[in-house]
Amino acid sequence: MFEKQEVTKKEQVNLNKLQKRLRRDVGKAIADFGMIEEGDRIMVCLSGGKDSYTMLEILRNLQQSAPVNFSLIAVNLDQKQPGFPAHILPEYLEQQGVEYKIVEENTYAIVKDKIPEGKTTCSLCSRLRRGILYRTATELGCTKIALGHHRDDILQTLFLNMFYGGKMKGMPPKLMSDDGKHIVIRPLAYCREKDIERFAIARQYPIIPCNLCGSQPNLQRQVIGDMLKDWDKRYPGRIETMFSAMQNIVPSHLNDTSLFDFKAIHHGSDVVDGGDLAFDREDIPMQPVGWQAEDEELAIERLDVLQIK
Ligand code: SF4
């Protein structure tokens, strides 16, 4: 049975502060992108990792005070990977009183059968998983599918696409699924991974390891993740600024002719988006845009209490 250790009063205070910040970030993303509407039935995809546990808890929390009524159902796909601890999620969800469904499909066997030894299995595995989750959403009458990707996943995807795909393309907080039948939402889109990590440790979620299939992690994603973490340490605020940049796009100052009609610029045209400052000294703000000094008290206390260095 899933048991939690006692938390001290101080730990509880820190947990409350972290929860408040996560609630604020999730609430803002939901509002900014119109993620949840009256009467929605949301399928919360639960993998057993820190992100999906946090998403479920924060959504349940917001449900109490949201101005609209919506229901949640947690769904886990048991892909029959060897050693998958199938009892953990049902026990946790029952203890929490959450409506849930465990879908059992042996995609592991299909992937092993179809992909030659040593080749990467993730793309077929994800395709199969996606199909099963869409089908499940239809069966359960869900209007939205919630995935637990966070701000750092979104930035990593942007860089992956720029470095390896030649595209400025991230991960949308809300989109129509590729089968055109479901709306996918990412309520953690504004949440920092480090907040989620600390929250998950403090909440003592029964985390299910994500390497049970034996597949190698995506090395390119890992390299980019490490690059972003390194920047975050060396240049505080850079991650926030880059994320703000994704919400502040100026097509007239990029090079995509499908987004801006450059040919329509002629003598006598209006100045567009401030014109060109190429000949001037650039006025770069000293403080990164979108950056706010962290709540210092919270920062120190949580490192201390949660023993994270
Ligand atoms: S890591 Fe394993 S379970 Fe995850 S997508 Fe890749 S093959 Fe599938």
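Predicted model: local features only at pLDDT ≥ 70, side-chain atom pairs only at ≥ 80, totals over all residues.
Student: Which residues of helix 7 are buried?

Tutor: First the term: a residue is buried if 20 or more other C-beta atoms lie within 10 Å of its own, exposed if 12 or fewer, and partly exposed in between, with C-beta atoms placed from the backbone. Helix 7 covers residues 193–203, and its buried residues are Glu-193, Asp-195, Ile-196, Arg-198, Phe-199 and Ala-202. For the whole chain of 309 residues, 25% count as buried.

Student: Where is Arg-192, and why does Arg-192 count as buried?

Tutor: Arg-192 sits in the loop between strand 6 (183–185) and helix 7. It counts as buried because 20 other C-beta atoms lie within 10 Å.

Student: What is Arg-192 in contact with, leaving aside its neighbours within four places in sequence?

Tutor: A contact means that two C-beta atoms, placed from the backbone, lie within 7 Å. By that rule, Arg-192 is in contact with Arg-151 and Asp-152 once neighbours within four places in sequence are left aside. Arg-192 and Arg-151 are 41 residues apart in sequence, yet their C-alpha atoms are 5.7 Å apart. On the scale of the chain, 78% of the contacts with a separation of 6 or more are between residues 24 or more positions apart.

Student: How many helices and strands does the chain have?

Tutor: The count is ten helices and six strands. Strands pair if DSSP finds at least two bridges between them. Strand 1 (residues 40–45) runs parallel to strand 2, joined by six bridges, and Cys-45 has Val-75 as its bridge partner in strand 2. Strand 1 also runs parallel to strand 4 (residues 144–146), with three bridges; there Val-44 is partnered by Ala-146.

Student: Which strand is parallel to strand 2 over five bridges?

Tutor: That is strand 3 (residues 100–104), while strand 2 itself spans residues 70–78. Asn-76 stands opposite Ile-102 in strand 3. From strand 2 the chain crosses through helix 3 (residues 88–96) to strand 3 in a right-handed β-α-β crossover. Right-handed means that, with the strands pointing away from the viewer, the path from the first strand over the helix to the second runs clockwise. Strand 1, helix 2 (residues 50–65) and strand 2 also make a right-handed β-α-β unit.

Student: What does UniProt place at Cys-122, Cys-125 and Cys-213?

Tutor: An unreviewed UniProt entry places the feature "binding site" at these three. They spread over 92 residues of sequence but cluster in space, the largest C-alpha distance being 10.0 Å. UniProt positions follow the numbering used here, feature names are shortened, and annotations may be inferred rather than shown by experiment.

Student: Is Cys-125 buried or exposed?

Tutor: Cys-125 is buried, because 20 other C-beta atoms lie within 10 Å. Cys-122, by contrast, counts as partly exposed, with 15 C-beta neighbours inside 10 Å. Cys-122 is in helix 5 (residues 122–139), and Cys-125 is in helix 5 too.

Student: Which residues are around the ligand?

Tutor: The rule asks for a C-beta atom, placed from the backbone, within 6 Å of the molecule. Thr-121, Cys-122, Cys-125, Ser-126, Cys-213 and Ser-215 are the residues around the ligand.

Definitions and conventions. Residues numbered from 1 in each chain as written. Helix = DSSP H or I, 4+ residues; strand = E, 2+ residues; numbered from the N terminus.
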